[in-house]
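Look at the chain before you read on. Keep the sequence beside the 3D view and work through each task in turn.

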Amino acid sequence: TLPIGIVDKREISFDARSLISVVKASLGRAAAIDLPATEPRGVSFDALNQQVVFSYNNEAHNLSVAGERLGALLVSYCIRARIPLPRYSEKTVRVEADRISIMCATHYHDPPSAR
């Protein structure tokens, strides 16, 4: 079925290179999702399991993080970096083969008044 009213949809995507930069800029917050306080060496995306795999110093030190869990770190980063996010939107996270994305949907059941 189609949504009722007006729906504003936005997507903010992070590829591997940008995700490493985000984690590097957020090491304190990354600890809250059990990532080490060091810059990851690499990132891969597991779309099937909706996880992101971070690699560190050696192959034995790979850590998987659920996309939804990583979403909070990404939203926090967007706020600090002044990347606009609608405050009162439905936010979901999607992991794809080459990126992780925050999806925002704001539903206006009654059209806002125009000026």
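The exercises below go from the whole chain to single residues.

This is a predicted model, in which local features need pLDDT of at least 70, side-chain atom pairs count only at pLDDT 80 or more, and totals for chains, interfaces and linings use all residues. Residues are numbered from 1 along each chain as its sequence is written, and side-chain values use heavy atoms, with hydrogens and water left out.

**Exercise 1. List the elements of the chain in order.**

Step 1. Find the helices (DSSP runs of H or I, at least four residues) and strands (runs of E, at least two), numbered from the N terminus.
Step 2. Count them: three helices and six strands.
Step 3. Read from the N terminus: β-α-α-β-β-β-α-β-β.

**Exercise 2. State the strand order of the three-stranded open sheet.**

Step 1. Look for pairing, which takes at least two DSSP bridges between two strands.
Step 2. E5 and strand E6 (residues 100-108) are joined by six bridges and run antiparallel. Within this pair, valine 93 faces isoleucine 102 of E6.
Step 3. The order is E1-E6-E5, with antiparallel pairing. Strand E1 (6-14) and strand E5 (90-95) are the edges, each pairing on one side only.

**Exercise 3. Describe the hairpin of E2 and E3.**

Step 1. Five bridges pair E2 with E3 in the antiparallel sense.
Step 2. Aspartate 46 has glutamine 51, in E3, as its bridge partner.
Step 3. Four residues lie between the two strands. In the turn, glutamine 50 has a positive phi of about 55°.

**Exercise 4. Find the residues with the most contacts inside the largest nonpolar core.**

Step 1. Such a core is a set of buried Ala, Val, Leu, Ile, Met, Phe, Trp, Tyr and Cys residues joined through side-chain atoms within 4.5 Å. Buried means under 20% relative accessible area, exposed over 50%, and partly exposed in between (1.4 Å probe, protein chains only).
Step 2. The largest core has 25 residues; Phe14, Leu19, Val52, Phe54, Leu70 and Ile100 have the most contacts inside it.

**Exercise 5. Is serine 113 buried or exposed?**

Step 1. Locate serine 113 in the segment after E6.
Step 2. Its relative accessible area is 71%, so serine 113 is exposed.
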